[in-house]
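Hello,

Here is the structure I promised to pass on. Please open it first, then read my notes below.

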Amino acid sequence: MEAFFNSQSSSRSRWSYDTLKNFHEISPFVQNHIKRVYFTLCGAVMAAAVGAYLHVLWNIGGLLTTVGAIGSMGWLLSMPPFEEQKRLSLLMASALFQGASIGPLIHLAVAIDPSLIFSAFVATSLAFGCFSAAALVARRREYLYLGGLLSSGLSILMWLHFASSLFGGSLALFNFEVYFGLLVFVGYVVVDTQEIIERAHFGDLDYVKHALTLFTDLASIFVRILIIMLKNSSERNERKKKRRD
């Protein structure tokens with residue numbers, strides 16, 4: 001036990017600012033692949049923003065855009081990696097449809113407080129950036145063991161959602177799904193980032209599929225953070241009304 005604490009204290013003492021720049025375990029060609037993944041991810045985020053804006057303008061988000069997002073995603077994954085341009089177009093189409101699908105939530109935020117959208121985006125970017133950076137500077141495969149725990153958490157969320165749709169939900173259950181789901185997908189950012197690094201080291205340089213994986217995590221985090229902010233804003237407004245009365 002004493003040896004454990006000694007090792008922990010020595011590892012903390014070895015930590016410095018240079019640790020943040022320590023990518024010696026990631027080869028140069030893998031680093032280039034990661035940069036390509038993130039650039040593609042930025043394009044997908046912009047496509048999703050366009051989709052959400054189109055919903056605000058023309059109310060196009062709904063079941064059809066959800067089916068379109070899932071269909072585009074499945075089509076992308078079924079295509080061989082060498083058809084790069086087609087797969088990239090499908091990624092952008094899937095992101096646009098997914099942005100339109102969360103358009104109703106964006107529209108609600110615009111009606112309540114438009115600044116919440118920017119706040120949620122900044123909070124999502126910070127969370128994604130911090131946990132992704134933690135995965136990049138950590139030792140290889142250090143957090144991959146969390147994949148099993150996160151899969152179990154995702155399974156719990158799916159069963160809870162299925163049960164609430166059949167038997168009716170409650171506010172406590174809804175809050176648990178939102179906060180626990182946020183925790184699960186933040187964890188997936190770490191695991192998926194390290195898995196992308198490992199796959200790239202073994203020759204899997206499919207940056208389109210890897211960008212799709214991270215985009216799914218990012219969108220899930222954004223939706224949950226925006227829901228939390230909308231809930232908190234509504235509660236504040238209700239308290240203000242009660243004070244006025």
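**What I found**

Read from one end of the sequence to the other, the protein runs α-α-α-α-α-α-α-α-α. That is nine helices and zero strands. Please keep in mind that this is a predicted model.

**Overall**

Of the 245 residues in the protein, 36% are buried. The protein exposes about 14,500 Å², and carbon and sulfur atoms supply 67% of that area. I also looked at contacts between residues at least 6 apart in sequence: 85% of them join residues at least 24 apart.

**A buried glutamine**

Glutamine 98 sits in helix α4 (residues 84-101). Its relative accessibility is 19%, so glutamine 98 counts as buried, the cut-off being under 20%. Leaving aside residues up to four places away in sequence, glutamine 98 touches Ala69, Met73, Phe215 and Ala219.

**Salt bridges**

How many salt bridges does a search of the whole structure find? The search gives eight.

Take helix α9 to start. Glutamate 235 and lysine 231 pair through their side chains, at 2.9 Å from N to O. Both residues lie in helix α9, four residues apart, about one turn of the helix. Glutamate 235 is partly exposed, with a relative accessible area of 30%.

A network turns up as well: salt bridges that share partners join Glu195, Arg199, Asp204 and Lys209. Arginine 199 bridges to glutamate 195, with the closest N and O atoms 3.1 Å apart. These two are separated by about one helical turn, because they are four residues apart in helix α8 (residues 171-201). Arginine 199 also forms a salt bridge with aspartate 204, at 3.7 Å from N to O. Arginine 199 is partly exposed at 38% relative accessibility. Glutamate 195 is partly exposed too, with a relative accessible area of 31%.

**Surface patches**

Arg236, Arg239, Lys240, Lys241, Arg243 and Arg244 form it. Lysine 240 belongs to helix α9 (residues 207-244). Lysine 240 has a relative accessible area of 47%, so it is partly exposed.

Tyr53, Leu57, Trp58 and Ile60 make a surface patch of about 470 Å². Isoleucine 60 lies in the loop between α2 (28-58) and α3 (63-78). At 35% relative accessibility, isoleucine 60 is partly exposed.

Best wishes

Key: Residues are numbered from 1 along each chain as its sequence is written. This is a predicted model: local features need pLDDT of at least 70, side-chain atom pairs count only at pLDDT 80 or more; totals for chains, interfaces and linings use all residues. Side-chain values use heavy atoms; hydrogens and water are left out. Patches are made of residues with over 30% relative accessible area and no salt bridge: like charges are joined within 9 Å, nonpolar side chains (Val, Leu, Ile, Met, Phe, Trp, Tyr) within 5 Å. Accessible areas come from the Shrake-Rupley method with a 1.4 Å probe; for residues, only the protein chains shown count as cover. A salt bridge is a side-chain nitrogen of Lys or Arg within 4 Å of a carboxyl oxygen of Asp or Glu. Lys and Arg count as positive and Asp and Glu as negative; His and the chain ends are not counted. The place of a charge is taken as NZ of Lys, CZ of Arg, CG of Asp or CD of Glu. Buried means under 20% relative accessible area, exposed over 50%, partly exposed in between (1.4 Å probe, protein chains only). Contact means heavy atoms within 4.5 Å.
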